[in-house]
Amino acid sequence: MNQISRSVVLSDASSTSVARRAGAELTAALGMSEVRSGEAAIIITEAARNAVVYGKGGHLLLSGSKGLGQPQLDIVAIDRGPGISDISRALQDGFSTGNTPGTGLGAIRRMATSFDLFSSGKGTALYARVAQPETQPKLALDIAGFLVPLAGEKYCGDNISWFGGRDCMMFLVVDGLGHGVAAMEAADEAVRIFQAYQKSGPGEILERIHDALKKTRGAAAAVAEIRPLSGLLTFAGIGNIAATVLSHTLGRNLVSHNGTLGHVIGRVQEFKIDWPRDGVLVMHSDGVQSRWDLSKYPGLLARQAAVIAGVMLRDFRRERDDASVLVVKPATTM
């Protein structure tokens with residue numbers, strides 16, 4: 001599955017219009033129906049406005065894909081405001097703390113195919129998915145990935161991709177060397193190879209990416225294979241792509257070897273570990289700080305993958321590089 005991603009800074013009232021236009025571009029590129037595109041526009045408008053009015057600004061993260069052959073758009077609004085003290089009350093129509101009709105959060109939840117909300121003293125992360133049709137086949141895993149380019153750059157040199165079904169899913173996070181167009185081209189080529197060799201394992205895929213990237217400036221990349229029914233995770237990485245598996249019993253970092261795909265690499269090595277029933281896989285580029293600790297966010301790991309990814313980008317993103325986060329966990333019915 002290839003992504004189309006956008007990130008919009010939410011700083012003032014005009015940001016809402018920018019966010020809405022970005023959403024319209026994505027729904028058009030995904031081929032969504034007029035009805036679902038309209039609902040996505042309403043959700044984006046309300047989420048962006050809430051982040052500006054109540055959260056004192058933030059970011060809107062958009063990730064569009066054609067999951068299982070059908071288009072879907074993930075929307076996450078993140079802010080650093082005071083948080084929502086009573087979420088259940090805030091979701092009721094008519095409740096407002098800002099002299100507005102108080103229908104925003106309730107309307108978002110009703111129109112969204114999937115909805116989640118996490119709020120604390122560090123801010124709020126709101127997630128809504130708009131999918132077409134609404135009754136898509138269910139995967140065993142909840143998957144979310146977002147990209148944020150370096151400030152001032154139009155193109156992001158990071159990329160994320162995945163494919164598979166209920167028995168086996170494969171994931172790629174890639175960081176093109178540097179940033180800008182040339183970095184994006186290297187990352188896009190890695191995604192092309194990843195999608196072309198869907199019958200290969202993580203190690204072989206990385207070796208093929210290495211050969212393909214010799215004509216580019218190169219990249220760091222990691223591939224993870226999760227077999228949720230068998231309880232097995234296989235991982236291989238080259239360069240500064242971090243990967244961690246979290247659960248209530250452990251936190252385990254996965255090993256990426258030194259090197260740059262397309263230039264010089266050492267041995268490509270696969271590592272296999274048990275995939276816990278409550279496992280959460282977090283993969284990210286070095287545009288995200290390496291020393292993060294989600295145990296300081298009570299209840300976060302129980303939220304949707306998109307909410308976890310959004311909080312990580314809000315609180316641990318480095319401002320001097322492109323950034324990408326992929327989160328994978330067992331699917332829920334939320």
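**A quick tour of the fold**

Guide: Start with the contacts. Take those between residues at least 6 apart in sequence: 70% of them join residues at least 24 apart. And keep in mind that this is a predicted model.

Visitor: Okay. How many helices and strands does the protein have?
Guide: The secondary structure comes to seven helices and 15 strands.

Visitor: And how compact is the protein for 334 residues?
Guide: As compact as a globular protein of that length, because its radius of gyration is 19 Å, close to the 20 Å from the globule rule.

Visitor: What box do the C-alpha atoms fill?
Guide: Roughly 60 × 40 × 35 Å, along the principal axes.

Visitor: What share of the residues counts as buried?
Guide: 56% of the 334 residues.

Visitor: New topic: charges. How many positive and negative side chains are there?
Guide: There are 35 positive and 32 negative ones. The centres of the two sets lie 2 Å apart.

Visitor: Let's zoom in. Where is serine 15?
Guide: Serine 15 sits in helix 1, which covers residues 14-30.

Visitor: Is serine 15 buried or exposed, and why?
Guide: Buried. Its relative accessible area is 4%, and the cut-off for buried is under 20%, so serine 15 qualifies.

Visitor: What is serine 15 in contact with, leaving aside neighbours within four places in sequence?
Guide: Val8, Val9 and Leu10.

Visitor: Now rings. How many aromatic pairs turn up in the whole structure?
Guide: Two. In one, the ring centres of phenylalanine 163 and phenylalanine 194 are 4.8 Å apart. Their planes are at 40°, so this pair is tilted.

Visitor: Where do those two phenylalanines sit?
Guide: Phenylalanine 163 is in strand 7 (residues 158-164), and phenylalanine 194 is in helix 5 (residues 181-196). They are 31 residues apart, so to speak across distant parts of the chain. Both phenylalanine 163 and phenylalanine 194 are buried.

Visitor: And which residues form the edge-to-face pair?
Guide: Tyrosine 297 and phenylalanine 316. Centre to centre they are 6.2 Å apart, with 70° between the planes.

Visitor: Which parts of the chain does that pair link?
Guide: Tyrosine 297 is in the loop between strand 14 (280-284) and helix 7 (305-316). Phenylalanine 316 is in helix 7, 19 residues apart from tyrosine 297.

Visitor: Are tyrosine 297 and phenylalanine 316 buried or exposed?
Guide: Tyrosine 297 is buried, and phenylalanine 316 is too.

Methods: Residues numbered from 1 in each chain as written. Predicted model: local features only at pLDDT ≥ 70, side-chain atom pairs only at ≥ 80, totals over all residues. Heavy atoms only, no water. Helix = DSSP H or I, 4+ residues; strand = E, 2+ residues; numbered from the N terminus. Rg over C-alpha atoms; globule rule 2.2 N^0.38 Å. Buried < 20%, exposed > 50% of the residue type's maximum accessible area, 1.4 Å probe, protein only. Contact = heavy atoms within 4.5 Å. Lys, Arg positive; Asp, Glu negative; His and termini not counted. Charge placed at Lys NZ, Arg CZ, Asp CG, Glu CD. Phe/Tyr/Trp six-rings, centres within 6.5 Å; stacked < 30°, edge-to-face > 60°.
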